[in-house]
Amino acid sequence: MSPPVKPLLKIFYFNVTNPQGYLSGEKIRVQELGPYVYEEKWQREGVAWSNDDLQVKFRMERTYFFRPDLTTGSLDDVVTLPNVPMFAMLNKMRNTGPEVLASANIFLETIKPPQNIFEARTVQEITWGYQHPLVDLANLILPEEEKLPPLYGYFYGKNGTSDGEFSVFTGGDEVSNLGSIISFNNKTVLTAWANGSAESECN
């Protein structure tokens, strides 16, 4: 089942134009790049109706298709952004003590390629994923259940996948209930908001 809509995903990046100047004390300057536009195709998978047809379960698979005709720029554009994996590593180590944190800083200066506060990557890489040396290193030492995805990118693993299983009302008995979410992945309360209190219930 494919909904009769064609949503557009518009991605903008803010390219840091003075990375070295910023590290020397200048005010950071950024340049807006984009939009890089993708057309979304939605496909409902695993559709299952309740016996009374008042509820339906499904997974919404999303696939993205690049639209160069609507895009300003190219996927080969190079963008300079903060080195997020490096900040994540340092953030995890900051509570382990100053000696460990100092050792981490020395390690970052010796790893190949050297790690810096900012890194320059293409829009294609930063959006859909690229091999990052710190991610590779983390996966060598992390236990199996904590390993990271093999590539780092803001939308890595999002193309051709679904977020999870929704259960919604069909509105068969009450039209005002049409589309109201009953549960997500069999949970009626999500802990991402309101600490799992009543305010975090679906709808």
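Start by selecting D52, D53, D173 and E174, which together form a negative surface patch. A patch is built from residues with over 30% relative accessible area and no salt bridge, joining like charges within 9 Å and nonpolar side chains (Val, Leu, Ile, Met, Phe, Trp, Tyr) within 5 Å. Asp and Glu count as negative, Lys and Arg as positive, while His and the chain ends are not counted. Each charge is placed at NZ of Lys, CZ of Arg, CG of Asp or CD of Glu. Areas come from the Shrake-Rupley method with a 1.4 Å probe, and for residues only the protein chains shown count as cover.

Before moving on, know that this is a predicted model, where local features need pLDDT of at least 70 and side-chain atom pairs count only at pLDDT 80 or more, while totals for chains, interfaces and linings use all residues. Residues are numbered from 1 along each chain as its sequence is written, and side-chain values use heavy atoms, with hydrogens and water left out.

Now zoom in on D53. You'll find D53 in the loop between strand 2 (30-49) and strand 3 (55-66). Strands (E, at least two residues) and helices (H or I, at least four) are DSSP runs, numbered from the N terminus. D53 has a relative accessible area of 45%, so it is partly exposed; that label lies between buried (under 20%) and exposed (over 50%), using a 1.4 Å probe and protein chains only.

Next, the nonpolar side of things. Select F12, F14, Y22, L23, I28, V30, F87 and I117: they make a nonpolar surface patch of about 700 Å². Strand 1 (8-16) and helix 1 (19-23) each supply at least two of its residues. V30 belongs to strand 2 and is partly exposed, at 47% relative accessible area.

Stay with strand 2 and pick P35, which sits in that strand. A cis peptide bond joins P35 to G34, with omega about 10°.

Time for some charged pairs. Side chains of opposite charge can pair when their charged atoms come close. Here a salt bridge means a side-chain nitrogen of Lys or Arg within 4 Å of a carboxyl oxygen of Asp or Glu, and the count comes to 7.

Which residue forms a salt bridge with E40? Select R62: the closest N and O atoms are 3.7 Å apart. This pair links distant parts of the chain, with E40 in strand 2 and R62 in strand 3, 22 residues apart. E40 counts as buried at 10% relative accessibility, whereas R62, at 22%, counts as partly exposed.

Two other pairs to show are these:
- E26 and R29 meet in a salt bridge at 3.7 Å, N to O; E26 is partly exposed at 39%, and R29 is partly exposed at 47%.
- E125 and R121 also meet at 3.7 Å, N to O; E125 is partly exposed at 26%.

Then highlight E39, R67 and D69, which are linked in a network of salt bridges.

Jump to F166 in strand 6 (residues 161-169). Leaving out residues up to four places away in sequence, F166 touches V56, K57, F58, I181, S183 and F184, where contact means heavy atoms within 4.5 Å. F166 and M60 are 106 residues apart in sequence, but 8.2 Å apart in space, C-alpha to C-alpha.

Finish in the segment after strand 7 (181-184), where N185 lies. Its phi is near 50°, a positive value in a residue other than glycine. N186 is in the segment after strand 7 too, with a positive phi near 65°. N185 counts as partly exposed at 33% relative accessibility, and N186 counts as exposed at 58%.
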